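Subject: Structure handover

Hi,

As promised, here is the structure for you to open up.

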Amino acid sequence: MAVLSALEPKNVFAYFEKLCSVPHGSGNTKQISDLCISFAKELGLACRQDAANNVIIWKPASPGYENAAPVILQGHMDMVCAKEEGCAKDMAAEGLDLQTDGEWVWANQTSLGADNCIAVAIALAILADNALPHPPLEAIFTTEEETGMDGAKALDCSDLKGRQFLNLDSEGEGVFTVSCAGGLRADCTLPGSLEPVDSGAAGFAVTISGLKGGHSGGEIHKGRGSANQLMVRTLFSAMERIPGLRLADIQGGQFDNVICTQNEAKVSVPSEKAAKFTAFIHEFNGILRNEYTGCDDGVTLTCAPAAVEQALPEKTTSDILHTLLALPQGVLAMSADFPDLVQTSLNFGMISLDSVGLQFTFSVRSSMESQKEMVLQRIRATVEFGGGTVSVRSSYPSWQFVRDSAMRDRLVAVYHSLTGKEAVVQGIHGGLECGLFVEKMPGLDAVSFGPEMHDIHSPQERLSVASTHRTYALVCEFLKQSGV
């Protein structure tokens, strides 16, 4: 017997359970894509599957709705595969072990993947319901959303007619997202060759640690320190006080979209200035702790004697530190439409020094495409002026807020009529597939929403049954009213 068979809406949870019966982690979506195609064929609906395993399903309008504008329902099939320590399940080959208490749905010892297979299940249930009045429907199920939105990037949208776009990839019921940041990764290099240090030089290991860090989309506005930026500032300030300082190593960060929590550097200074350097580090530790009181109380700057045999020349060290200090970090602009929402930011995610020179990466985000490009220009201008190079990867477009949207107003009104509650309309500083579709399909009017979920991408992920029912009812009622 199906685990979710007693839950309502029955069709939604029946499809969700079938989808969860096959593995569908990012990069492993052929089986679930084929399953969606088989569903479409069973329903006698036109469908298309592309080389990226994206699926599109079309359903003609119900009687009386033939002249209504088409509506697109969209979600992604891939999930983040996470499991508890000791869990023996092979998530690349096995489906999920679903569980429910009637109030919540979860998977035993693994992530659930309700982000975002619940969107696929809702769309399939609507496509299967021949009693529901609706305009022409186009359902889009994409792949690889969790690892760079590569499915949406690859999708050919030329045969899609709809310009009303319901993205069901949000996790807070009653929250309607209408804008998101676009982004890119800027990989930078600055040349520099290590040379032997003088036999009388003193070497030090310098460490910045104790920072909170966080995601560069969701927590960049909290004023937390970046260990990479603070190390650059520390060494630049030390260089001003202590001529002859040479950079021997610098390492910080593991991910470009995470605020760096620790940086470790090595320097050499003239031996007669060793005590002065140590005193400076102690002094600057106090400065940083004072500046970050209340937002990063644990910040700690320390130094200890270390063996340093090679370092960059003094002039190269100076050139590199001048260049790095000129690069910004954190929030650059706030939204004029949504108070407290970051519009534009960048994050100094990773840095390392090797025998070839310095490599470092920035994650750039903005809900205005022009500002995203402006930040990239600033990075290029600074790095290239310093003799370095910049390359761009993982670029995806922003989704800029549209002030006048009849579809959004109608959706919010339907939500209020069903729940008696006022909807929250917001933008986010993270990325959504909506930005790619808005870029591909001129004139697209999009809103992102979904049922309540908690702890996504973790073994504690769970989906609210009641919220799923209300979200399904909202979509159905919106479709009914789309022919009026």
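Below is what I found in it.

Some ground rules first. This is a predicted model, so local features need pLDDT of at least 70 and side-chain atom pairs count only at pLDDT 80 or more, while totals for chains, interfaces and linings use all residues. Residues are numbered from 1 along each chain as its sequence is written, and side-chain values use heavy atoms, with hydrogens and water left out.

The overall picture: the protein chain has 11 helices and 25 strands (DSSP runs numbered from the N terminus, H or I of at least four residues for helices, E of at least two for strands). Its C-alpha atoms fill a box of roughly 90 × 50 × 40 Å along the principal axes. Of the 484 residues, 54% are buried (under 20% relative accessible area; exposed is over 50%, partly exposed in between, with a 1.4 Å probe and protein chains only). The accessible surface is about 19500 Å², with 51% of that belonging to carbon and sulfur atoms (Shrake-Rupley method, 1.4 Å probe; for residues, only the protein chains shown count as cover). Counting contacts (heavy atoms within 4.5 Å) between residues at least 6 apart in sequence, 78% join residues at least 24 apart.

Now the cores. In soluble globular proteins, nonpolar side chains tend to be buried together. The largest nonpolar core here has 66 residues, and Phe 16, Ile 126 and Phe 141 touch the most other members (a core is a set of buried Ala, Val, Leu, Ile, Met, Phe, Trp, Tyr and Cys residues joined through side-chain atoms within 4.5 Å). Helix α3 (residues 114-128) gives the most to this core, with 12 residues. Leaving out residues up to four places away in sequence, Phe 141 touches several residues, including Cys 36, Val 55, Ile 57, Met 77, Val 120 and Leu 124. Another core, of 53 residues, lies apart from that one, and Val 232, Leu 245, Leu 247 and Phe 348 are among its members.

Strand β7 (residues 164-167) is worth a click. Gln 164 and Leu 166 point one way from β7, Phe 165 and Asn 167 the other, and all are buried. Strand β3 (residues 71-76) runs parallel to β7, joined by four bridges (strands pair if DSSP finds at least two bridges between them), with Gln 74 opposite Asn 167. Strand β23 (residues 445-448) also pairs with β7 in the parallel sense, over four bridges, and there Asp 445 is the bridge partner of Gln 164.

Elsewhere, four strands make an open antiparallel sheet in the order β4-β5-β25-β24. Its edge strands, β4 (98-100) and β24 (453-454), each pair on one side only. β24 is joined to β25 (residues 462-464) by two bridges, and His 454 stands opposite Arg 462. Helix α11 (residues 465-481) packs on the sheet, touching β4, β5 (104-107) and β25, and its direction makes about 55° with that of β25 (axes are lines fitted to C-alpha atoms, for helices over the stretch in contact, and angles run from 0 to 180 degrees between N-to-C directions).

Cheers
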